[in-house]
Amino acid sequence: MTFGLRKRLSKERGFSLMPRAMAVSSSSCELPLVAVCQVTSTPDKQQNFKTCAELVREAARLGACLAFLPEAFDFIARDPAETLRLSEPLGGRLLEEYTRLARECGLWLSLGGFHERGQDWEQTQKIYNCHVLLNSKGAVVATYRKTHLCDVEIPGQGPMCESNSTMPGPSLESPVSTPAGKVGLAVCYDMRFPELSLALAQAGAEILTYPSAFGSVTGPAHWEVLLRARAIETQCYVVAAAQCGRHHEKRASYGHSMVVDPWGTVVARCSEGPGLCLARIDLSYLRQLRQHLPVFQHRRSDLYGNLGHPLS
């Protein structure tokens, strides 16, 4: 590898937002800008929407073409019964508000984990953790229902049994073309399964997104290292909007929302508390990296097979 290429590959392709100020090099101004929103959801759905809407409007004002919201952007309830009571169908009032917000701001929205009453609600009385992608006209262009549910017991963090109220999704969603690049949809716990990220990359993803609500024990240990690993092994940008702070007396989240480039460099990250960060997406850099490190061409499917089934 030449010195020039090493220097290029080590350069950061983004920047963090400081209060009402940022520095953008003239050479990068034409690159698409994405915003990563960090919030502290509570059981109060309308207050959560107000908080998210303020961040989305700020992202639009700063020139972002796509804003990412974290898992459970709609609410974080105190128990499974409250989760089910507060849930809505995709055609409900809350998604209508986000549809109008996307149109008003003229940008795409990644709604990272909506508590969805699906078509089988009457039969199952359970919901889906649904990642919804809206275009700038407010139309739903993709929905991915979280396939890996977080049923874990971490000492010091408290047990979590997502399957008490949630059904696993049946399939992956093919990457979606957006103004920033082709986005592969996932949710939180999905990041622990590299097969999913590799399947999305093989299907053409250039950006992987993991909206999350990581806990206070797993967060410091695993959050950044998993996101960087997913970026390096897939040679994709990784965008991770996260919940932060204390939601109520029973739950808190780690935060540290970030964007990682295909080299594995963290190019933008949120500070403590609610807010946002911004990053430029440089697809020419991504393609150059894939050309110089052609790992997908080197895969030995004769030894370990293709990972997963082709996406429909």
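**Figure 1. Gln157 lies in the loop that joins strands S7 and S8.** Helices (H or I, at least four residues) and strands (E, at least two) are DSSP runs numbered from the N terminus. This is a predicted model, in which local features need pLDDT of at least 70 and side-chain atom pairs count only at pLDDT 80 or more, whereas totals for chains, interfaces and linings use all residues. Residues are numbered from 1 along each chain as its sequence is written, and side-chain values use heavy atoms, with hydrogens and water left out. Gln157 has a relative accessible area of 28% and is therefore partly exposed (buried means under 20%, exposed over 50%, partly exposed in between; 1.4 Å probe, protein chains only). Beyond its neighbours within four places in sequence, Gln157 is in contact (heavy atoms within 4.5 Å) with Gly215, Ser216, Val217 and Thr218. The C-alpha atoms of Gln157 and Ser216 are 6.6 Å apart, although 59 residues separate the two in sequence.

**Figure 2. Helix H2 comprises residues 45-61.** At the start of H2, a side-chain oxygen of Asp44 comes to within 3.3 Å of the backbone nitrogen of Gln46. Buried residues of H2 include Phe49, Cys52, Leu55 and Val56. The elements covering the buried residues of H2 include strands S2 (33-38), S3 (66-69), S4 and S17 (275-280), as well as helices H3 and H4 (93-105). Just after H2, Gly63 adopts a positive phi of about 100 degrees.

**Figure 3. Ser87 occupies the loop between H3 and H4.** With a relative accessible area of 5%, Ser87 is buried. Its side chain reaches the backbone oxygen of Leu84 at 2.7 Å. Not counting residues up to four places away in sequence, Ser87 touches Phe75, His115, Arg117, Trp121 and Ile127.

**Figure 4. The lining of the largest pocket consists of 41 residues.** A pocket is an open set of points on a 1 Å grid over the protein atoms alone, where a 1.4 Å probe fits, with protein on both sides within 12 Å along at least five of seven lines; lining residues have an atom within 4 Å of a point. Nearest the centre of the largest pocket lie Pro159, Met160, Cys161, Glu162 and Arg251. Elements that give two or more residues to this lining include helix H3 (80-86), strand S4 (108-116) and strand S13 (244-248). S8 gives the most, with four residues.

Notes
Expected span 1.5 Å × (residues − 1). Polar contact = N/O pair within 3.5 Å; in protein donor to acceptor, adjacent residues only side chain to side chain.
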